[in-house]
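Here is a walk through one protein chain, from the overall picture down to single residues.

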Amino acid sequence: MPTIVRALAKLFEWPARRMERKLFIVFLFLVLLPVGLIGYISAERYADSIESNTVSYVSELSDAMISKLDDYIQDMKKISIIPSYLDEIRTGLKRSNAFYEQRDETEQSEGQESAVRTVPDSILPEEELLRLEIQREAESSIYFMNNIKQGTNSVYLFDRYGHSYFALKSGGVRGDLAQMYPQWKELAREGHGYPILVSTQEVSGRPNNGRYVFTVVREIIDTSFESIGMIAVDANITVIENIVRDLDKTTLGTTLIVDERGRVIFDSEKKYLTQSYPHAELLEQASGPEGSFHAVVEGRRMLTIYKRSEETGWKMIITVPERELMAGAVQTRNLTLATTLAAVLLALLISLVLIIAVTRPLRSLVRLMKVVQSGNLDVTFPVRRPDETGLVGSAFNRMLLRVRTLIDDVYEAGQRNKEAELKALQNQINPHFIYNTLESIRMTAVMNDDTEVSDMTRLLGKLLRYSIGGGMETVPAAKELEHLKLYVELLNYRYGNRFALRLPAEPFDGDLPVMKLLFQPIVENSVYHGLEDGKPMMHISIRYERDGQEHRFTISDNGAGMSREALQQLKRKLEEPQWSRLSAAGEEDDPRGIGLRNVHERLKLRYGEKYGLQVDAEPGAGTFVTVRFPAAAV
């Protein structure tokens, strides 16, 4: 009692623990309300309460008994599947089938017919040796299966022609195998490889008088889904007797088990075994999966509780004499008050322990949330149990990890944008000075009648004005392609007309917005890394297509291409973060593919990580670069 008082004082101390108080009130009502109802029912209808409790108790016992019986029969079914997975048994049955099939064919060819499958007197010694070898092989594992489950009487194997194989046990061997085999074979055949439960049978034969068994039969299917025989697993009815013995002792009644046709599987008095139950009205009242009712059986009033097995379809019917049922009512009534008081105290103590155990990790989680709210994300909730609180704590830890990852990603993206802006500023140093200088060079070339230098300077000036000129992130595709034509024209001045450019064929929307300086770096990469001295002309073509919600431009050439190793190295560099490619001096470690990486990075920054460049190449066959960006974003 002092322990409960101290726990209550701690529960209601300030700062207020509202969740603990609410849970305690709920537990208090959950305890007091049932106690009040029990007291009322005990005072008003105590006899009905005793009956109800008895029905509930016996129902629980019957559930347990049926579960045990179901488990036992399920184990029998598992035993029946063993031959399908044991090579020794499968091989033995196959050899038996082949042996007797060959013998039958030999007998038919010699005009001999036999209705009973027995070993003929004229069997050859070598055939007898072979038959004994097959018998030993087939029966080698039966002794093992006989002893897997306690109470299993015998396991019998049959080949396709009805020849039986078994191992002797203390209970002997059934003398009616020849009579039962046709019935078992038909049931097993209808089961198509599934186990079939056969109701109680009285075993015939002098050594087994007075013995009752129930059986599981199943076809044996080999790996080619072909039936190679049958197995029958017998279990003595004493298995059921051992299960229900304690039940009858507790209820002071009797237990009856019948199958779906009303045939008696077991009864405590052993009056109706293997027969149809004579009290049909009792079976009619015991309809449905479970329930209870009052009935008069042989002049005595009985409380009847029944339960049907979902596994076997068998129904267990327990009859309890009402006189014995009410004998302990007075004694039980006297014990009710003391038991109720003890239950209340125990329930309160357990509820206090549960409340503290449940709310302690929640309070810890709330404290961590307040720490995170103050800006400290370097906290972790210790998950000790995989319960609901542990799941919430794990989700809290994953959320913090995700938040820290997002913060790092945002910081890295900001750094990349700053670097891009810095490079853009570095590339825009005094553009007007460059323009004026180029114009001066062009005018000097004109004055000196050097037309080629003048044209090259003019083209270079246009290219620079387009490249350096700001104010636009996207341009019409026609303008970008016009810029590319100027670039190729300038290249032809330098290399003596060795480049031919083919633009997208009509119809093509020249107003399609594309990212500025999209094609020129790709073509430049093709020129400087794909031009071969042995080829007089290098062809560069641009093809456009729309694939669903994507725009695709493919820039291809017939240059030198690249080896598989060089292609893989280029693809890795395209996906590397920019900071990993910089040397200690801030320069690119490998200048090859800088233009491609620049375009790839800009596409990903503008449209998302799933877009960018795809590169493919073959040695001596050229390079193919595909530009992908979404249709909705342009």
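Let's begin with helix α17, and with the side of that helix that looks outward. The face turned away from its buried side carries Arg564, Glu565, Arg572 and Glu575, which are exposed. A word on terms: buried means under 20% relative accessible area, exposed means over 50%, and partly exposed is in between, with a 1.4 Å probe and protein chains only. Helices (H or I, at least four residues) and strands (E, at least two) are DSSP runs, numbered from the N terminus.

Before going further, note that this is a predicted model, in which local features need pLDDT of at least 70 and side-chain atom pairs count only at pLDDT 80 or more, while totals for chains, interfaces and linings use all residues. Residues are numbered from 1 along each chain as its sequence is written, and side-chain values use heavy atoms, with hydrogens and water left out.

Back to α17, which runs over residues 564–575. Its twelve residues reach 17 Å from the first C-alpha to the last, close to the 16 Å expected at 1.5 Å a residue (the expected span is 1.5 Å times one less than the number of residues). Leu567, Leu570, Lys573 and Leu574 are its buried residues. Looking down the axis of α17, you find the buried residues within an arc of 125°, so they line one face of the helix (the arc is that of the directions from the helix axis to the C-beta atoms). The cover over them includes α18 (594–607) and β16 (612–618); contact here means heavy atoms within 4.5 Å.

That brings us to α18 itself. With 14 residues at 1.5 Å a residue, α18 should span 20 Å, and its end C-alpha atoms are 20 Å apart, which agrees. The buried residues of α18 are Leu596, Arg597, Val599, His600, Glu601, Leu603, Lys604 and Tyr607. After α18 comes Gly608, with a positive phi near 120°.

Two other residues have a positive phi without being glycine. Most residues other than glycine have a negative phi. His192 has a phi near 50° and lies in the loop between α7 (177–191) and β3. His192 is exposed, at a relative accessible area of 61%. Lys270, with a phi of about 55°, is in the loop between β7 (264–267) and α9 (280–285). Lys270 is partly exposed, with a relative accessible area of 45%.

Now step back to the whole chain. How many helices and strands are there? The secondary structure comes to 18 helices and 17 strands. Of the 634 residues, 40% are buried. Among contacts with a separation of 6 or more, 60% are between residues 24 or more positions apart. The accessible surface is about 36700 Å², and 55% of that belongs to carbon and sulfur atoms (Shrake-Rupley method, 1.4 Å probe; for residues, only the protein chains shown count as cover).

What is inside? In soluble globular proteins, nonpolar side chains tend to be buried together. The largest nonpolar core here has 48 residues, and those with the most contacts inside it are Met145, Tyr165, Phe214, Ile240, Ile257, Trp314 and Met316. Such a core is a set of buried Ala, Val, Leu, Ile, Met, Phe, Trp, Tyr and Cys residues joined through side-chain atoms within 4.5 Å. Helix α3 (residues 46–81) gives the largest share of this core, ten residues. Apart from it lies another core, of 43 residues, among them Leu459, Phe553, Leu574 and Val627. Leu574 is also one of the buried residues of α17.

Ile257 is worth a click: not counting residues up to four places away in sequence, its contacts include Leu69, Ile240, Trp314 and Met316.

Next, find Thr200 in strand β3 (residues 196–202). Thr200 counts as buried, at 2% relative accessibility. A polar atom of its side chain lies 2.8 Å from the backbone oxygen of Ile265. A polar contact is a pair of N or O atoms within 3.5 Å; within protein, one must be able to donate a hydrogen and the other to accept it, and residues adjacent in sequence count only if both atoms are side-chain atoms. Leaving out residues up to four places away in sequence, Thr200 touches residues including Tyr212, Phe214, Ile237 and Thr274.
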